[in-house]
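The account below covers its faces, its contact with another helix, and the nonpolar core.

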Amino acid sequence: MVVMERLGISYELDMNCNKVAADHEFAEIFEEEEPSLEEIKEAFDVFDENKDGFIDATELQRVLRCLGIKGNFVKLEDCTRMIKEADEDEDGRIDFNEFVKFMETCFA
């Protein structure tokens, strides 16, 4: 998963969040070239647990917890606020196109 590695995340996720580890520096993502659309789709699929084509706050919360992120960002209400930042159609979820736009801002 190249995009996730560029975000400093090397992982294998199962339903119990096993084998989650970060082994790259976060700053390295800005030194790499822009990810391909396929790589972005792979990253999206990590978040989209139920494979409905959307990332909701619960799915975001699950991934953040699996990655070992603690504190306020793991609260569901904070995940909902994070979703709103990229949710252009204001449906409470991030679809793939919104995710692509968000990723473009990360690599701009």
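Buried here means under 20% relative accessible area, exposed over 50%, and partly exposed in between, with a 1.4 Å probe and protein chains only. This is a predicted model, in which local features need pLDDT of at least 70 and side-chain atom pairs count only at pLDDT 80 or more, while totals for chains, interfaces and linings use all residues. Residues are numbered from 1 along each chain as its sequence is written, and side-chain values use heavy atoms, with hydrogens and water left out.

Helices are DSSP runs (H or I, at least four residues), numbered from the N terminus. Helix H2 spans residues 37–47, and its buried residues are Glu39, Ile40, Ala43, Phe44, Val46 and Phe47. Viewed down the axis of H2, these buried residues fall within an arc of 155°, so they line one face of the helix. The arc is taken from the directions from the helix axis to the C-beta atoms. An α-helix has 3.6 residues a turn, so residues three or four places apart point the same way. Leu37 and Glu38, on the other side of H2, are exposed.

The axes of H2 and helix H5 (residues 96–106) come within 10 Å and cross at roughly 115°. Axes are lines fitted to C-alpha atoms, for helices over the stretch in contact, and angles run from 0 to 180 degrees between N-to-C directions. Contact means heavy atoms within 4.5 Å. The residues that make the contact are Leu37, Ile40, Lys41, Ala43, Phe44 and Phe47 of H2, with Phe96, Phe99, Val100 and Met103 of H5. By class, this contact has nine nonpolar residues, no polar ones and one charged residue. Ala, Val, Leu, Ile, Met, Phe, Trp, Tyr, Cys and Pro count as nonpolar, Asp, Glu, Lys and Arg as charged, and the others, Gly among them, as polar.

A nonpolar core is a set of buried Ala, Val, Leu, Ile, Met, Phe, Trp, Tyr and Cys residues joined through side-chain atoms within 4.5 Å. The largest one has 18 residues, and those with the most contacts inside it are Phe47, Ile55, Leu60, Ile83, Ile94 and Phe99. H2 gives the largest share of this core, five residues. Not counting residues up to four places away in sequence, Phe99 touches Ile40, Ala43, Phe44, Phe47, Ile55 and Ile94.

| Residue | Relative accessible area |
|---|---|
| Phe47 | 13% |
| Gln61 | 11% |

Phe47 lies in H2, and its C-alpha atom is separated by 5.9 Å from that of Glu59, twelve residues apart along the chain. Gln61 belongs to helix H3.

Technical notes:
Helices (H or I, at least four residues) and strands (E, at least two) are DSSP runs, numbered from the N terminus.
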